[in-house]
Amino acid sequence: MFQVALDKVNIKKLIAALLKEGVVKAPVETDGVVELAEISEKSSVAFDYSNVKLPVKREFFPQSEVISRFGPDGVAPEKNGAKKTVLFAVRPCDVQSIAYIGKVFIDDQYQDPYFQDRRDKTFIVSLACSSPASTCFCESLGQGPARKSGSDIISFKLTNSFVFEAVTPQGEAFVKKNKKLFRGPLPKELSAIKKQEEDAIKKLSAVEVNMGALKQDNDPALWNAVAETCLSCGACTFLCPTCHCFDLFDEKHRDGGKRVRVHDACMFESFAKEASGHNPRSQKGDRMRQRIMHKFSYAPDNFRLIFCVGCGRCIMNCPSNIDIRETLAKVTA
Amino acid sequence: MAKATINREPTIVAFLCNWCSYAGADLAGVSRLQYPANVRIVRVPCSGRVDPLYIIKALQEGADGVLVSGCHPGDCHYISGNLVARRKFALLKSFLDYFGIEPERVRFSWVSASEGGRFAALIEQVVADVKKLKTKRKLVKEEIAA
Amino acid sequence: MNMIQNNPYIPAPVFVDGITFENEAKDLKTFRLAFKNKADEAAFDYKCGQFAMLCVPGAGESPVGIASSPLDKGYIEFTVKRYPTGVVTTALHDLSEGDGMGVRGPLGNSFPLEGLKGKNLVIIGGGFAFTTLRSTIRYLLSDGVRGDYGTITILYGARSAGELLYKSELEAWQKRSDLTTYITVDKGDDSWKGRVGLVPMVLKDVAPSSADAHCLVCGPPIMLKFTIPPLLELGFAPEAILTSLERKMSCGIGKCGRCNVGGQYVCKDGPVFTYSQIRHIPENGF
Amino acid sequence: MRRNTMQNIEKKMRDAVKGLFNEKKVDMVIGFQNGSLPKTARPYFVRSIGDVENLVWNDRCTVNLATFLPKLFERPARPKEGYKPPRIGVIVKGCDGRSVAGLIKENQAPKDGLIIIGMPCSGMKSFAKSRKGSSEVNRACSECISPAYQAADIIISGESRKPAKAQYARIKAFEAESPEARWKAFVEEISKCIRCNACRQACPNCYCKVCFADQRKPSWVSPSAELSDIIVFHMGRIFHQAGRCVECDACVNACPMGIDLRLFTQKLALDAKDLFGCVPGISGDEVPALQTFKQDDSECFITDPEEK
């Protein structure tokens, strides 16, 4: 394990070092809302937060992006112009989700060049979670507040210092390159990290999901009952770090146009509706089944991964307070 | 980015009702009245047919100004189409003003079939007012603005 | 798939080389498309049952089954129904010969014809879902291919005589001695001399043998719903019934998440499924 | 003391709902149950008398329940034989009641299929507010002109908030800013939008079978997150509420991004009132502002080229 420490007073120096690697984006608080934003040496990073409002997936898979342009000469792919980027102090759950949707965007057969480009150019320094929200349940899904995978470096914030642990060779290279910044971690710092993780886990809500009982041919009435108060908006999916469904839309202008990729939501009534008017998922229950099954059954079948990181954003933001923890309990009962 | 004042000719999209204002425009033409060529006319059955979305959409697609004109109150071919429209446009105009969209960009007027001169004067005024604007188009799509 | 600049979202440029009206209502047209670049044509190496995204820039893309046979060289064919609410299908129908457009594909799996060599085949189609079956039949009847398979029985039905696709080919098939062809219409008229009756009824009537046979069946969901039970009664195993599904799609390459039937994507894992694969999925449509 | 009254009201409400089920007057009742997080409430569909005990009434019952009605009353495409439209009871605050009245007027809910249970409302705290432990009621509640719905079929007695005087100070202050400042403020607020459609889905007035924003032939607005498209979506959606909006803030409360849509929706409500004297859902017999006209409606916005 390659661990180093940094005194809190030196954090600006670390940010300066990160800025040499590329654009740095980190959680910043404005008007009580913590959002990922581009920072400079002067910015103050919000380290004590539960999670950023919008999932970090948007850095790799933006809400909308031009994928190609067309004109009299045909169709040309769009260069997305992604810059080398450092994501700093993002939560391990969000980092994990990038690996998940990466499985979709980059598979053996087809590689999504837009996602790939951004992923290749991004260096991730995550921040282990010490202040989970009441809606967090990452541990129940085999995640946990200090999960390392996906990050290049994982950091831990303690009272007066930070501890960094290099996870990937790139992470290690960064630490070595900037070794003047760091010192060796003290034993009490290492035990504090452990304690912090244990304390965080205690704050999480526990969800027992009996995946075996999750069946797609469950009674439609059951799904309809679960989805009864659903408004068919996309708050849950748009804020979900693992939801990756999109639509391609052509915008036409005078002598050409562009094809735009936009986030789409399986909870929208129009999502699967065909031009003929036929809608294979016309009921709210059908759509709820699709969302839940996709995350907890189809993804495990296809990728051996549960497409939920337990961040709780869907619970926090559903206008009808449909709680995915309760939904799971109901449909696996 | 773009300069505040425009140095290209502005485009005005005009929704004219079939029975009065379109005929008024026609009369202006046959009477050989001169008026600016910046206007692109869309003929609609009635000013009441004009959905506020038409206007918003025209601005989004790059129109520098939008004009809606119908029969004078009381003269509507469909009796009250323009009176219903009048309420809608009163709200829309105030609504767009509220966001800071220049009032010169969205205009409503009445022109009858016999008012060729009034039509020419109206276009003259609408185009001149838009040309005087110092602020850039607000609703327009990025590509079109560029 | 043919990948332009390693980007699976970019269509290959093609032009419309021919348009055939298929029905009386004129809302079904067969488009013959030819590639602008030879390299794209070579890369578009497809099998029966596959589909492609037809791209009309400005309107968008729509998934359509390939109706020509892999052995037809120099062109590919697609039969498209125009829906009043369909943006892409309407734009396609507005194209004229010589117009440019794009094709992205071939996509999806195919009918497992290699593995069916030596077997008897029953091919059942309904309406305009007959396109990839037509591709299959054209391929099976080609010189050097027909001999690899046992008996071939075709049952094809449409709403009325005017709605039957590929009329001249149907006639030619009926004259052949190496296959049995049944053509039926839901509703006959004075000019129609053939069979009248819904596909499932005719199927019960003609009762093709399931011995050593596989069945390829494509049609609207309602037809499948009533055709599969008699097939099972005739002794076809669920694994021996192959069908092709249609869903709304955006990407065609298993990313956009739209065309799930259960855990599988119609675009990538399908469109061809055996009945046993999809029988328990609530949204299979039948 | 206050808690006692609340519990008292809650009990009366449950008794009334039980009565409806006992008399077989309804198939379901839409109300509230406790939310999944502490100190929250959420919509709840009561299907049988056994579920009535789950019904709650407190100061967290923010959601406008009228929004569920149009879908529930929608006749299925292929109705089963002997299909009868459902009979639904709905628990309403003042704002919900005004929305229900609007839906009845616009033929989205049949009056004879509905039993409206009017609650005394002392102001609500939205999900976001109550989660954060705020003691303030929603802005919509502090500015509410009609906290209790008077035209309900069953009225649960109790003390309501004092009706506020209709005042649009915030709107007028915004109007007083310069156009460029208004545009800047508007853009800043609206650019938070992620196009999740929660505002639309939560709005009782947004019941269109196909929203203009989802129409693709023609396409009115791209689903992209380009600022221009976000603005066109919101302008279009909000303008569709002209003369119909009851200022309940369902859109505001549903928005996950906390966009202050009220600053924009209220402008139309203010104009409808000032120009046409229209306040929807209050008197019961008013015609929506844009469904009628008067010969002498304001003409001040008309361009007259001959006027000098």
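These notebook entries record what I looked up in the structure of chain A.

I began with the ground rules: this is a predicted model, in which local features need pLDDT of at least 70, side-chain atom pairs count only at pLDDT 80 or more, and totals for chains, interfaces and linings use all residues. Residues are numbered from 1 along each chain as its sequence is written, while chains are lettered from A and ligands numbered from 1 in the order in which they are written.

**Overall shape.** I found 10 helices and 11 strands in chain A, these being DSSP runs numbered from the N terminus (helices: H or I, at least four residues; strands: E, at least two). The radius of gyration, taken over C-alpha atoms, is 21 Å, close to the 20 Å that the globule rule gives for 333 residues, so chain A is as compact as a globular protein of that length. That rule is 2.2 Å times the number of residues to the power 0.38.

**Burial.** I noted that 52% of the 333 residues of chain A count as buried, a word used when 20 or more other C-beta atoms, placed from the backbone, lie within 10 Å of a residue's own.

**Domains.** I looked up the domain assignment, automatic or from a database, and it gives domain 1 (2–203) and domain 2 (211–331) of chain A. Where they are in contact (C-beta atoms, placed from the backbone, within 7 Å), domain 1 of chain A contributes 32 residues and domain 2 of chain A contributes 27. On the side of domain 1 that touches domain 2, β4 (64–71) and α2 (92–105) of chain A each supply at least two residues.

How values were computed: Buried ≥ 20, exposed ≤ 12 C-beta atoms within 10 Å, placed from the backbone. Contact = placed C-beta atoms within 7 Å.
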